[in-house]
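Please view the sequence and structure first.

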Amino acid sequence: MELSGSAYPVGLTPSAKIAELVKTYTGLAPDETTGNVVSVAGRAVMVRNGGKLCFSVIQAGDGARIQLMVSFNNLGEASHKLWKELVDLGDHVFVTGEVVASRTGELSIMVHSWEIASKALRPLPSVHTELNEENRARRRYLDLIVRDEARTMVYQRANALASIRRTLTERGLLEIETPMLQTVQGGASARPFVTKSNALATDLFLRIAPELFLKRAVVGGIDQVFEINRNFRNEGADSTHSPEFAMLEAYCAYADYDQMAVLTREMIQAVVVSVFGSTVATWADGETQYDFGGEWRSISMYESLSAATGIPITPATSTVELSAIADEHQVTVKVPTHGKYIEELWDHFVKPTLTEPTFVRDFPVDTSPLVAPHRSIEGVVEKWDLYINGFELATGYSELVDPVLQRERLVAQAALAGRGDDEAMPLDEDFLEALEYGMPPTGGIGMGIDRLLMALTGQGIRETILFPLVKSS
């Protein structure tokens, strides 16, 4: 054989995929031959050079592996010697040879010819000593090479997204795109990232939520709509939060929060079946399992908080009473409104107890400015949050479509901002004008894609995001 002389050749075309060979030929008897000559490519993840017979294992991008048998008798002295001298761990190689089984029965390719497909200039890391969580997040490309779990997450996430789109489109929802740069931040209670447009000479905000634009679409007659988007919130980062994250939002005209809860459950159950083959999700530890099947539990925020504290707490409970409970249990509330006290106390007392999928219903009105008032309970809105294993995964609403009441709510939010609440929503006149043209009764949902993968796999948020934001080293 004559080597090309290039460490980075162009135009190499394998005739077979390693995964297909493994599927077709696993089970060959020791020393069995097939007569099938193939060309394959992969990264060398094991190299063992002996005398006249060298062994290597190459790995495809999907993690499939096959052994190479590099024989002096097949290659000749010059090519065999070059293999020993040139091929290192991490190199991509392109080989042609017969599919066989080794003397021990391992599926192999008896190499007839080979060449370097891409030379690695840096050695692969040791998965046990060099790739801690920080290094995995910073150099995900290495994580994908050496850890099966990293590759599995990528495929699980892609499978989950495909399932979500399939469920929603089958139910008649249309996927659209909304602006990532906005002149007024809104759609959620969060601190935005601020940037500037030189061309427009104005400040802009990176999207914290697509809600207000998706609702504009509903006003315009696109009755069932969804978006899987990237959102940005200038807040803390921990095991369940990332400044940049993926979210699904969906809106259906003439639906309410009860119907959106059913849609959310069915959508997530379809994801679990798509990823795991049943409604039982198995975490990355290989042991922990959660069954997402059947109907899901629903609880009231106020009733569950009352039961947990042993004190009757209602929408009429004063902030003075709530403050006393918070002080007694060392619960800090930054902006002392009724709703903020309720939600912080609920987080303290009830949230850690939720493991099975649970819809927590009927929230304080002052913390949910975009949600319709409850039809029968004074002082709360028709909102639920879905909790799984102690953290919030999704939220659903009967949307507020009354433009007069919506203006009152946003004016109140602006007042909270003036009192130091940097997560409060500003007044968005363009959105209010859109509502004045008439928005039909609508149900909405929002769900974190990263958090969905956390719930299904037991991994932290930085493991579910392929390339998470990390601080410069």
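A charge sits over a ring if NZ of Lys or CZ of Arg is within 6 Å of the ring centre and within 35 degrees of the ring normal. In this predicted model, K383 lies over the face of F363, at 4.4 Å from the ring centre. The points below set out this and related features by topic.

**Charges over rings**
- The ring of F363 has K383 over its face.
- R216 places its charged end over the ring of F213, at 4.4 Å from the centre of that ring.

**Aromatic pairs**
- Six aromatic pairs are present in the structure.
- F292 and W296 form an edge-to-face pair, because their ring planes stand at 65° and their centres are 6.4 Å apart. Both F292 and W296 are buried.
- W296 also pairs with F359; the centres of these rings are 5.9 Å apart and the planes lie at 35°, so the pair is tilted. This pair links distant parts of the chain, 63 residues apart: W296 belongs to the loop between strand 13 (289-291) and strand 14 (297-300), whereas F359 belongs to strand 15 (residues 358-364). W296 and F359 are both buried.
- One aromatic cluster is formed by F292, W296, F359 and W384.

**Cysteines**
- A disulfide is a covalent bond between the sulfur atoms of two cysteines.
- Zero disulfides are found in a search of the whole structure.
- C54 is buried, with a relative accessible area of 0%.
- C252 has a relative accessibility of 6% and so counts as buried.

Key:
Residues numbered from 1 in each chain as written. Predicted model: local features only at pLDDT ≥ 70, side-chain atom pairs only at ≥ 80, totals over all residues. Heavy atoms only, no water. Phe/Tyr/Trp six-rings, centres within 6.5 Å; stacked < 30°, edge-to-face > 60°. Buried < 20%, exposed > 50% of the residue type's maximum accessible area, 1.4 Å probe, protein only. Helix = DSSP H or I, 4+ residues; strand = E, 2+ residues; numbered from the N terminus. Disulfide = S-S within 2.5 Å.
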